[in-house]
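This briefing concerns the packing within and between the chains of the structure shown below. The points are grouped by topic.

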Amino acid sequence: MVAFWILSPIMVIAALGILFSRKAVHAALLLAVVMICLALLYAVQDAPFLFVVQIIVYTGAILMLFLFVLMLVGVDASDSIVETIKGQRLMAIVGGVFLGLLLVLGVGQVSLGSVAGLRAANRGGNVEGLAQLLFSKYIFAFEATSALLITAAIGAMVLAHRERLTPKATQADRAVQRMREYAERGVHLGPLPSPGVYARHNAVDTPALLPDGSPAEISVSRVLTVRGTMRSTPTADVDVLTGEIGDGTSNLPITGSGPRGGIDGDPSGRTPHGEDRTARHAHEHGEEA
Amino acid sequence: MSGSPFLILSALLFTIGCVGVLTRRNAIVVFMCVELMLNASNLALVTFARVDGNLDGQVAAFFVMVVAAAEVVVGLAIIMTIFRTRRSASVDDASLLKY
């Protein structure tokens, strides 16, 4: 019975944590701790079937459902401090302490007699014993349970269902709307330009460059712009790059810090020979001219 | 080991769940506290099954688990519906059935 004295403090502390945790996610995780400890206590008390069901149904299914709903509702949905009923919190705590005292004292004074133990009942196996009871003595309760589960499933589906108020836009509808926007406001008809992937950075947060070297803001996803994570294009980037790797007219070797030479290295003048080679490059051009 | 320590632990967990239902305002946390109370009663049932030496208590705990699962499904669906119309999961906000 070492398990009980190890697990019970953990369970009480975790349960108190549910009471005092600010965030609902922490409460859910602490509830998982309580439930797993409870499952272990079931295993200690000769209930292996309930041990497995507790892990699978409670910790696996129900708590995951809680976490899914928390994800949908929003993790930061915290408690309001305002009391609708005056002094309700204090009264609840006082009442809770009295209830706890009453229960603990009442249960503590009951003498349960000698523990019979489940050795005889579990002789043919715990699951078999439970099945025999379920399908004989409790058969009607078991049938009612199936009706309850089906009702609950259908009820959840009805509650979670949302009626569509507007008809779904088909591809043809969207094409018509695009044409109308083009006719009325001159919005570009074709697809949006792709971002500056591979032009300078291997990332979608860099805008593509227009022929005059200015960044095309429309080429970056709207979400990134709203989040403010759009990377700014360095000015005169292309010039430095051509100076770095050559523009096709010279046969300078490509050297740099990256695995493929100057293309991968940062060409913004930080390579040790960048300045030097650009100068030489210009010099060569001068000679050719 | 006698059943009394298990029953006292069960009573403590039940009390904590009860206080949680009364004090917390987030509907989901209130729901978790209800689950805690159900679990505490399950522990008492399993303990009684061991003390009495028959499996009826474990069958009862099993039924409580089934009912709790059904209750969580419907309850969370209701919380989702309330959240969708009010953008809030606080039990104080849903004080009127309509509007």
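Two residues are taken to be in contact if their C-beta atoms, placed from the backbone, lie within 7 Å. On that basis, the contact between the chains takes 69 residues from chain A and 63 residues from chain B. The model is a predicted one.

**The side of chain A that touches chain B**
- Helix 1, helix 2, helix 3, helix 4 (88–109), helix 5 and helix 6 of chain A are the elements that each give two or more residues to this side.
- Helix 3 of chain A gives the most, with 11 residues.
- By class, this side of chain A consists of 54 nonpolar, 12 polar and three charged residues.

**Helix 1 of chain A against helix 1 of chain B**
- The axes of these two helices lie 9 Å apart, and the helices pack at an angle of about 10°.
- Because angles under 35 degrees count as roughly parallel, helix 1 of chain A is roughly parallel to helix 1 of chain B.
- From helix 1 of chain A, the residues Phe4(A), Ser8(A), Met11(A), Val12(A), Ala15(A), Leu16(A), Ile18(A) and Leu19(A) take part; they meet Pro5(B), Leu9(B), Leu12(B), Leu13(B), Ile16(B), Val19(B) and Gly20(B) in helix 1 of chain B.

**The largest nonpolar core**
- The largest nonpolar core has 75 residues, and those that touch the most other members are Leu31(A), Val34(A), Ile28(B), Met32(B) and Leu36(B).
- At least two residues of this core come from each of the following: helix 1 (2–20), helix 2 (24–44), helix 3 (48–73), helix 5 (126–134) and helix 6 (139–160) of chain A, and helix 1 (4–23), helix 2 (27–52) and helix 3 (56–86) of chain B.
- Helix 2 of chain B gives the most to this core, with 16 residues.
- Apart from neighbours within four places in sequence, Leu36(B) is in contact with Ala15(A), Ile18(A), Leu31(A) and Val34(A) of chain A, and with Leu13(B), Ile16(B), Gly17(B) and Gly20(B) of chain B.

**Chain A as a whole**
- Chain A contains 10 helices and two strands, arranged along the sequence in the pattern α-α-α-α-α-α-α-β-β-α-α-α.
- Of its 289 residues, 19% count as buried.
- Among the contacts in chain A with a separation of 6 or more, 41% are between residues 24 or more positions apart.

Definitions and conventions
Residues are numbered from 1 along each chain as its sequence is written. Chains are lettered from A and ligands numbered from 1 in the order in which they are written. This is a predicted model: local features need pLDDT of at least 70, side-chain atom pairs count only at pLDDT 80 or more; totals for chains, interfaces and linings use all residues. A nonpolar core is a set of buried Ala, Val, Leu, Ile, Met, Phe, Trp, Tyr and Cys residues joined through C-beta atoms within 7 Å. A residue is buried if 20 or more other C-beta atoms lie within 10 Å of its own, exposed if 12 or fewer, and partly exposed in between; C-beta atoms are placed from the backbone. Helices (H or I, at least four residues) and strands (E, at least two) are DSSP runs, numbered from the N terminus. Ala, Val, Leu, Ile, Met, Phe, Trp, Tyr, Cys and Pro count as nonpolar, Asp, Glu, Lys and Arg as charged, and the others, Gly among them, as polar. Axes are lines fitted to C-alpha atoms, for helices over the stretch in contact, and angles run from 0 to 180 degrees between N-to-C directions. Angles under 35 degrees count as roughly parallel, over 145 as roughly antiparallel, 65 to 115 as roughly perpendicular and the rest as oblique.
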